[in-house]
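Dear colleague,

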Amino acid sequence: MLPVAPTAADPAPTGLVLQGGGARTAYQAGVLAGVLEVLQARWPAASANPFPIVCGTSAGAINAGYFAAHCSDWRAAIAAMPGEWERLTPGDVFHVGTLPLARGGLGWLRLFAFGWLWRQNPRSLLDNRPLERTLARLFPPGRLAAALEAGALEALSVSASGYTLGRHVSFFQAARAHPGWRQPGEWAVPAQIEVAHLLASSALPFIFPAVPLACGEGTDYFGDGAMRQLAPLAPAIHLGAQRILAIDVAEPRPPWPPPAGAAPAYPSLAQIAGHAMASIFLDTLRADAHQATRINAMLAQVPPALRETLPLHPLPVLAISPSQSISAIAARYWRSMPGAARRLLEGVGTGHGSGAMLASYLLFTGDYLHELVELGRADARARRAELEALLTPPGQAPAARPEVA
């Protein structure tokens, strides 16, 4: 996969890749706030948006869309992002009243127990219409187009997964004409990015409803963009990124082999669901970054004259992920979930212990989100030298760049 020609404004444009997962994605706001601190301290006079190519998946698409729409003043956009997350409540994302929650829970119970009597399946466990209103405020019409027209942004990409045709699609809006790309199971199509694309990309399977979107020759129902996404870095590369900052919300790698002890209890439904979501949301970016590491290492061994003839180029990538377990943080704050929603989700084992992973996606409460923001800020500060090496602005003397981390 070849990066396209760099822009004249930046000989090595940086792509920002945000791989999300429900409420866990507040962590990215903290990382970006830490990145802003690094940039302001190292290059206080730099004015150009450091991330002209922005790509988001799942709830990372919400952060990507917010930043892209407001990046004409990119410093203010990053500075405001933590506060936007910390002010969220569960009611800003899904209906928390007893009646709508009971309707969603009973719908699934009816399907499992008496599915042969009903032909219409429930759409989702939770009703996320409040999220649509929240996104309309965060992603106002016209702001993205204005940023593209003003030259503050090169492109925004939002990924979603089509349920009917089984395609993973990257919808993108760019400042310059781009034909898109088609690979087996993966499409990229130009589109005018709207709130519906952000809703679709962040529609957790079973939890939130799928969203109909026009795609190519027809319309499909789309869900969370992390599903079937095998190469999270690909949209940024196709759109011209020559270096990439990638932020995900994965758990720290556990020790291996696991500690000896008594046999674990049989997994709850919430534990199984959390494990499935981890496979969907949390593993692919690491695999893609590892592949970039291998290619970079291989190219470093090739003589420069021969390297120029190859259909590959080095791609510096800095990947930042949580240094602490977000699931463990969610377990500490689970009681802050509104009572009706907590009781519904505790019925399938969500909350403490083995069900904390699922809880970590749905706990949109201020104290939990604040701790994720602060964790992200601290993790970015800890990677200061690598960030400075990666994000050297045009015209500045570059530091030694990391190939991947």
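In the residue classes used here, Ala, Val, Leu, Ile, Met, Phe, Trp, Tyr, Cys and Pro count as nonpolar, Asp, Glu, Lys and Arg count as charged, and the others, Gly among them, count as polar. Please bear in mind that this is a predicted model.

The structure holds two cavities of 30 Å³ or more. The second largest cavity has about 30 Å³ of space, and its lining is made up of Val-17, Gln-19, Cys-55, Gly-56, Thr-57, Ser-159, Gln-229, Pro-232 and Pro-235. By class, that lining has four nonpolar and five polar residues, with no charged residues. Both β1 (14–19) and β2 (53–57) supply at least two residues of this lining, and β2 gives the most, with three residues.

The largest cavity holds about 240 Å³ of space, and among the 21 residues that line it, Ile-62, Trp-85, Leu-88, Leu-131 and Leu-135 are the closest to its centre. Three helices, α2 (60–70), α3 (74–86) and α5 (129–138), each contribute at least two residues to the lining of the largest cavity, and the largest share, four residues, comes from α5. Sorted by class, the lining of the largest cavity has 14 nonpolar, five polar and two charged residues.

With kind regards

Conventions. Residues numbered from 1 in each chain as written. Predicted model: local features only at pLDDT ≥ 70, side-chain atom pairs only at ≥ 80, totals over all residues. Heavy atoms only, no water. 1 Å grid on protein atoms, 1.4 Å probe; cavity = no way out; pocket = protein on both sides within 12 Å on 5 of 7 lines; lining within 4 Å. Points joined across faces, edges and corners; volume = space filled by probe spheres on them.
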